Amino acid sequence: MQNWFHISQCLGACMEHTRLAFIGLGAMGYAVAGQLQNAGFHTSVYDADFQVAKKWGSEFPGQVFETPEEAAQECDVVFVWTASDVEIQQVIYGEDGVLGGLKTDAILVDHSATSKPVVAQLTQACLTTGHPFIEALHRREQDGELTTIDCQGQLEAFERVQPIMRHYAQKVVLVNR
């Protein structure tokens with residue numbers, strides 16, 4: 001298991017060693033994946049519309065993949081940004097889904113507008129496979145930019161993703177309810 005305390009301490013110097021995946025390149029996912037790639041993170045992307053992923057790849061130097069599983073492989077954090085419960089279930093559990101590609105210590109972060117039953121399923125699936133899970137809820141957006149993200153999940157996982165999320169949100173807080 002990697003020493004995540006060390007990674008969080010040297011994040012500024014180690015960004016190029018922190019591997020991220022973005023599953024879903026809608027308006028927010030597309031922009032945030034590009035922002036993090038430009039900030040120095042190694043970023044992999046997947047979108048159900050491969051043309052969108054290819055367009056992202058033409059604008060940013062990250063990697064484009066044809067399946068969520070391929071995009072998630074070898075990544076430290078996998079951000080999922082889909083539009084519906086059906087979409088998130090397809091990219092997580094479907095053929096070539098994210099769960100098949102997560103490395104041992106990877107964190108799954110759900111930025112989707114996911115229903116409580118599906119969040120409970122995702123939480124249980126991650127517990128079963130030993131992967132930390134963070135539900136990231138957008139509390140406020142201002143002029144198309146995230147201002148606050150409320151997170152629910154394990155403290156250790158939150159501490160690992162918070163410095164990354166601060167690159168695209170003014171405030172990232174743990175609000176376990």
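A polar contact is a pair of N or O atoms within 3.5 Å; within protein, one atom must be able to donate a hydrogen and the other to accept it, and residues adjacent in sequence count only if both atoms are side-chain atoms. These legends describe a predicted model, in which local features need pLDDT of at least 70, side-chain atom pairs count only at pLDDT 80 or more, and totals for chains, interfaces and linings use all residues. Residues are numbered from 1 along each chain as its sequence is written, and side-chain values use heavy atoms, with hydrogens and water left out.

**View 1. The whole chain.** The protein chain has eight helices and eight strands. Both are DSSP runs numbered from the N terminus: helices are H or I with at least four residues, strands are E with at least two. Of its 177 residues, 51% count as buried. Buried means under 20% relative accessible area, exposed over 50%, and partly exposed in between (1.4 Å probe, protein chains only). The chain exposes about 8500 Å², and carbon and sulfur atoms supply 50% of that area. Accessible areas come from the Shrake-Rupley method with a 1.4 Å probe; for residues, only the protein chains shown count as cover. Among contacts (heavy atoms within 4.5 Å) between residues at least 6 apart in sequence, 57% join residues at least 24 apart.

View 2. The largest nonpolar core has 30 residues. Such a core is a set of buried Ala, Val, Leu, Ile, Met, Phe, Trp, Tyr and Cys residues joined through side-chain atoms within 4.5 Å. Phe22, Phe79, Val109 and Met165 have the most contacts inside it. Val109 is in contact with Val77, Val78, Phe79, Val80, Ile134, Ala136, Val161 and Met165, leaving aside neighbours within four places in sequence. Apart from this core lies another, of 21 residues, among them Tyr46, Val91, Val119 and Cys126. In soluble globular proteins, nonpolar side chains tend to be buried together.

**View 3. His111 and its polar partner.** His111 is found in the loop between strand S5 (107–110) and helix H7 (116–129). His111 counts as buried because its relative accessibility is 3%. Its side chain makes a polar contact with the side chain of Tyr168, at 2.7 Å. Neighbours within four places in sequence aside, the residues in contact with His111 include Phe79, Trp81, His138, Ile149 and Met165.

**View 4. Glu135 in strand S6.** Glu135 sits in strand S6 (residues 133–142). Its relative accessibility is 11%, so Glu135 counts as buried. Not counting residues up to four places away in sequence, Glu135 touches Asp110, Val119, Asp150, Cys151 and Gln152.

**View 5. Helix H3.** Helix H3 (residues 27–38) has 12 residues, which at 1.5 Å a residue should span 16 Å. The expected span is 1.5 Å times one less than the number of residues. The end C-alpha atoms of H3 are 17 Å apart, which agrees. Buried residues in H3 include Met28, Tyr30, Val32, Ala33, Leu36 and Gln37. Just after H3, Gly40 takes a positive phi of about 115°.

View 6. The structure holds two salt bridges. A salt bridge is a side-chain nitrogen of Lys or Arg within 4 Å of a carboxyl oxygen of Asp or Glu. Glu59 forms one with Lys55, the closest N and O atoms being 3.1 Å apart. Both residues lie in helix H4 (residues 50–59), four residues apart, about one turn of the helix. An α-helix has 3.6 residues a turn, so residues three or four places apart point the same way. Glu59 is partly exposed at 42% relative accessible area. Lys55 also counts as partly exposed, at 48% relative accessibility.

**View 7. A salt bridge between distant parts of the chain.** Asp76 forms a salt bridge with Lys103, the closest N and O atoms being 2.8 Å apart. The pair links distant parts of the chain, 27 residues apart. Asp76 is in the loop between helix H5 (68–72) and strand S4 (77–80), and Lys103 is in the loop between helix H6 (85–93) and S5. Asp76 and Lys103 are both buried.

**View 8. Positive phi in two loops.** Glu74 has a positive phi of about 70° although it is not a glycine. Glu74 is placed in the loop between H5 and S4. Asp96, also not a glycine, has a positive phi of about 60°. Asp96 lies in the loop between H6 and S5. With a relative accessible area of 34%, Asp96 is partly exposed.
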